[in-house]
Amino acid sequence: MGSPRLPELSDQQFEAWKAFIRAQADVINTLSRELEAEQGLPLTFYDVLVQLSIAGGRLRMSELADAVVLSRSGVTRLVDRMVRAGLVRREACPEDRRSLYAALTPEGTRALKRARPFHLRGVAEHFGRHLSDEEAKTIAAALGRIAPSPDGE
């Protein structure tokens with residue numbers, strides 16, 4: 001038996017893949033460096049704060065791991081650091097005694113509010129300004145087919 005037949009990948013598709021990987025890494029590294037320098041907040045912390053805010057202030061740890069695309073152990077270590085920084089707290093889950101919630105603290109809410117304009121400025125500067133609205137629409141549609149939004153939007 002031979003090896004399985006691999007799907008075809010056109011030269012244009014492979015070039016798009018390489019450009020996507022380079023752009024994603026470059027923009028994330030730049031946003032992370034700037035947010036840390038300007039606000040003293042790692043981008044991973046910011047992402048957790050955003051996800052908790054979107055969810056109404058708290059999420060089960062497993063839901064948070066899915067939202068920030070980290071392993072369960074990775075999100076546990078991240079939340080440990082954020083608890084020590086006073087940005088989140090853990091809460092018991094009354095419905096499931098084995099589960100814990102990560103919840104925003106007032107300081108976490110303030111940190112998110114302070115960091116949001118810096119982060120959005122960085123996204124506009126390092127990503128948005130390179131795209132026309134039509135290009136952005138096309139990219140969003142294409143990437144949305146690859147990784148649909150968890151909320152169905």
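Predicted model: local features only at pLDDT ≥ 70, side-chain atom pairs only at ≥ 80, totals over all residues.

Entry 1: I found six helices and three strands in the chain. Reading along the sequence, I wrote the pattern down as α-α-β-α-α-β-β-α-α.

**Entry 2: overall shape.** Next I asked myself what radius of gyration the chain has. The value is 19 Å, whereas a compact globule of 153 residues would come near 15 Å. I also noted the span of the C-alpha trace along its principal axes, which is about 50 × 45 × 25 Å.

Entry 3: How much of the chain is buried? I noted that buried residues account for 27% of the 153 residues.

**Entry 4: contacts along the sequence.** I then turned to contacts between residues at least 6 apart in sequence. Of these, 51% join residues at least 24 apart.

**Entry 5: a nonpolar patch.** Which residues form a nonpolar patch on the surface? My list reads L9, F14, W17, F20, I21, I139, L143 and I146. Together they have about 750 Å² of accessible area. I checked where they come from: α1 (11-39) and α6 (133-146) each supply at least two of the patch residues. Helix α1 gives the largest share, with four residues.

**Entry 6: zooming in on F20.** I picked F20 from the patch and found it in helix α1. Is F20 buried, exposed or partly exposed? Its relative accessible area is 37%, and since partly exposed covers the range between under 20% (buried) and over 50% (exposed), F20 counts as partly exposed.

**Entry 7: an aromatic pair.** I looked for aromatic pairs and counted one. W17 and F20 form this pair, with 6.0 Å centre to centre and 35° between the planes, so I noted it as tilted, a class that lies between under 30 degrees (stacked) and over 60 (edge-to-face). Why are these two about one helical turn apart? W17 and F20 are separated by about one helical turn because they sit three residues apart in helix α1.

Definitions and conventions: Residues numbered from 1 in each chain as written. Heavy atoms only, no water. Patch = residues over 30% accessible without salt bridge, like charges linked within 9 Å, V, L, I, M, F, W, Y side chains within 5 Å. Areas by Shrake-Rupley, 256 points an atom, 1.4 Å probe, with all protein chains shown as cover. Salt bridge = Lys/Arg side-chain N within 4 Å of Asp/Glu carboxyl O. Buried < 20%, exposed > 50% of the residue type's maximum accessible area, 1.4 Å probe, protein only. Rg over C-alpha atoms; globule rule 2.2 N^0.38 Å. Contact = heavy atoms within 4.5 Å. Phe/Tyr/Trp six-rings, centres within 6.5 Å; stacked < 30°, edge-to-face > 60°.
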